[in-house]
Amino acid sequence: MPFAQTLCLFFGLLLTLSGSNLFAADQGPEVLQVVPKGGSLADVRLAPPKDLDGYFPFTVPESVEQWEVRAKELRQRILVSNGLYPMPEKTPLNVVMHGKVQRDGFTVEKVYFESHPGFYVTGLLFRPEGKGPFPGVLCPHGHGGRLMDVGLEGVKKQIENGEEKNEESGRMPNLTRCATLARMGCVVFIHDMLGYADSIQLSDDLAHRYGKIRPHMEGTENWGLYSAQAELRLQSIMGLQTWNCIRALDFLCDLPDVDASRIGVTGGSGGGTQTILTCAIDERPVVAFPQGMVSTSMQGGCTCENTSLMRIGTGNVELCALFAPKPQGMTAANDWTKDMMTLGYPELKQLYKMYGHQENVECEAFLHFPHNYNYVTRAMMYPLFNQHLKLGLEEPIIEKDFKLLTETEYSVWNAEHPAPAEQGEAFEIKLVKHLTESSQAQMSAMPADQRLEMQQNAINVIIGRTLKTVGTIERTKVEKLDRGDHWLFKDLVAAKDHGEQVAVLSIYPKGVEWSGRVLIWATGKGKAGLFTDDGKLLPEIRPVLDRGDAIITADLFAQGEIANADLPSDLNRVVKNPREFAGYTYTYNNPLFAQRVHDVLTLIAWARNGEHPVKNITLIGTDGAGPIIAAAGAVSGDQVQGLALEQNDYQFKSITDYKHENFLPGIVKYGDMAGLLELNQSENQFGIAQAGSTKKIVQWLSE
């Protein structure tokens with residue numbers, strides 16, 4: 001059989017839908033141990049998982065060209081992780097505006113529209129006096145809400161502290177920001193985060209206070225947000241809010257009195273997070289002020305600020321840098337941003353300097369204030385928007401007081417415009433079903449080559465590594481054993497650029513010329529899976545050596561001799577946050593499944609760059625390791641010539657627990673197991689055959 005082909009061999013399903021202990025901590029006999037007694041792997045993954053309170057530095061590349069390569073990767077990561085790749089269809093907004101009220105220098109109108117069919121975005125539109133065209137400004141708010149009100153006594157205290165200026169309007173700082181920008185000559189839209197004010201279809205408790213798994217929303221046919229099924233399709237609160245921001249920009253830019261070439265975005269706290277993401281992936285904004293969330297420290301504590309895959313290997317400062325070289329500003333306060341002047345801002349200045357626009361990024365330290373978007377901070381934002389939205393106003397720009405809106409004036413829903421009847425869990429299930437079906441229909445309608453390219457891009461993000469990005473490989477020789485009819489080499493193989501190390505066994509034939517083919521063989525038991533209980537090579541594998549092939553096998557991460565109570569072989573470790581939300585772990589950490597794929601890529605890179613030229617590499621997965629091998633092949637390009645795995649219709653969509661060892665966010669959206677096999681076949685090196693046992697795999701290898 002030509003080795004330019006790859007076989008996918010389907011046989012015995014050892015994975016059960018309930019999540020069997022696939023990678024049991026079977027360390028095998030002592031003769032197979034690679035890590036020296038009393039030692040441990042030099043592997044960064046042995047540390048506890050990173051959480052949102054970790055350290056997230058921004059390392060600036062050496063050139064603009066290098067940065068733009070990195071920036072493309074990061075934008076791809078944001079889109080994939082937020083469920084926006086490919087970008088969903090922009091269905092009709094069906095905008096309704098009503099209830100206009102007049103204030104000194106501006107008007108306010110109530111707005112609602114559909115970001116997805118039947119899913120309503122609500123908010124207030126502030127318009128300046130005059131005819132326009134005017135610049136447009138989007139003002140996503142944070143967890144104080146659109147209607148944040150500190151009260152009369154609260155604002156008096158803030159005025160005494162220098163945080164606010166006006167006694168009435170200062171009570172509601174989010175609306176004050178909108179009013180002042182409107183008086184400056186901007187059309188301003190502030191829309192509700194999910195669960196706030198008039199956004200009532202998904203509750204505040206669900207969107208921002210979720211903390212306990214809901215078993216009745218974990219089904220494989222009908223499910224809700226936060227479920228394993230939603231995560232497998234990258235359906236999240238953060239993704240919905242990011243999409244709402246994009247549709248809010250659509251609404252703004254379509255207004256007849258808005259100049260779509262002059263768009264700004266600014267929000268504080270959670271609204272700062274939304275500002276960072278919107279400006280990273282949408283080309284329309286020309287100026288931004290992401291307040292309160294640009295930091296190398298805490299990255300956003302709410303469930304609405306985390307989504308699986310998004311900040312693996314990156315953080316808010318680097319995501320903020322995606323707006324460069326466009327102008328933006330921010331401040332540091334006595335919160336998680338307090339170190340920005342020395343950790344984060346210098347790197348942003350460095351990047352902007354590379355572009356020749358160092359003046360386009362600003363950060364001021366107001367460490368005597370707590371977390372805020374107060375008058376002092378707003379006074380820093382106004383001249384930035386004045387300049388870059390070309391308003392031409394004299395400075396300084398001073399906020400003026402105004403009569404606050406009444407409940408009747410700021411409430412979007414009323415008797416003439418009743419709130420949507422579809423709410424709660426029934427609507428939640430309907431919404432995620434729409435997201436699922438529309439995404440499937442969109443991808444199915446693509447030409448095959450376009451769809452495969454899209455799937456490949458997404459899988460590269462989901463796995464978090466390709467063979468091209470493995471980097472430098474370092475081998476540490478441990479022992480060489482003469483086993484009669486074969487040599488057994490023990491090695492520690494490191495992916496140095498990633499700080500990872502793998503315990504490896506290599507089996508080389510004796511008495512026969514090496515064929516030049518290497519079989520990289522993963523099993524559900526690690527390297528012990530190819531040996532008997534007393535450490536002898538499985539009899540059915542010996543014909544492989546007789547034909548001159550070599551075998552490389554290993555304990556993939558958390559398998560075999562490195563598995564223990566703190567590093568279980570059959571479960572993902574999760575962060576200590578007591579709230580049962582996958583995003584608190586997988587926003588920052590590769591899943592166990594991806595880590596094991598990384599180890600296979602390390603082995604491929606080692607074999608390809610070893611002491612002796614390799615003619616062919618065949619990947620084999622048995623005892624439940626087939627999906628890992630399929631994923632490794634999918635991100636290896638044309639460097640793998642063969643693929644043999646047990647599969648037997650295994651599907652990731654059977655997973656109902658985000659701690660499951662095979663849990664992989666997004667994999668179902670992009671084709672599940674069949675999608676991985678299709679990517680393997682797209683290199684024109686894969687055929688499909690069937691076999692029912694390891695013995696038959698060996699027979700195929702000998703043909």
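This is a predicted model: local features need pLDDT of at least 70, side-chain atom pairs count only at pLDDT 80 or more; totals for chains, interfaces and linings use all residues.
**Buried spots, salt bridges and ring pairs**

Val-412 comes out as buried, with 0% relative accessibility (buried means under 20% relative accessible area, exposed over 50%, and partly exposed in between, using a 1.4 Å probe and protein chains only). Val-412 sits in the loop between α11 (407–410) and α12 (424–444); helices (H or I, at least four residues) and strands (E, at least two) are DSSP runs, numbered from the N terminus. Residues are numbered from 1 along each chain as its sequence is written, and side-chain values use heavy atoms, with hydrogens and water left out.

On to charges. The model has 37 salt bridges, each being a side-chain nitrogen of Lys or Arg within 4 Å of a carboxyl oxygen of Asp or Glu. One of them joins Asp-198 and Arg-146 at 2.8 Å, N to O. Asp-198 lies in the loop between β6 (187–191) and α4 (204–209), and Arg-146 in the loop between β5 (134–138) and α2, so this pair ties together parts that are 52 residues apart in sequence. Asp-198 is buried at 12% relative accessible area, and Arg-146 is buried at 0%.

Another salt bridge links Asp-485 with Arg-542, whose closest N and O atoms are 2.4 Å apart. Here Asp-485 belongs to the loop between β11 (473–482) and β12 (486–495) and Arg-542 to helix α14 (residues 542–546), so the pair ties together parts 57 residues apart in sequence. Asp-485 is partly exposed at 32%, and Arg-542 is partly exposed at 28%. Salt bridges with shared partners also join Asp-43, Arg-45, Arg-465, Glu-500 and Asp-599 into one network.

As for rings, the structure holds 22 aromatic pairs (rings of Phe, Tyr and Trp, the last by its six-membered ring, with centres within 6.5 Å; planes under 30 degrees apart are stacked, over 60 edge-to-face, and the rest tilted). Tyr-112 and Tyr-120 make an edge-to-face pair, 6.0 Å centre to centre with 65° between the planes. Tyr-112 is buried at 12% relative accessibility, while Tyr-120 is partly exposed at 22%. Ring pairs also link Tyr-210, Tyr-226, Phe-581 and Tyr-584 into a cluster.
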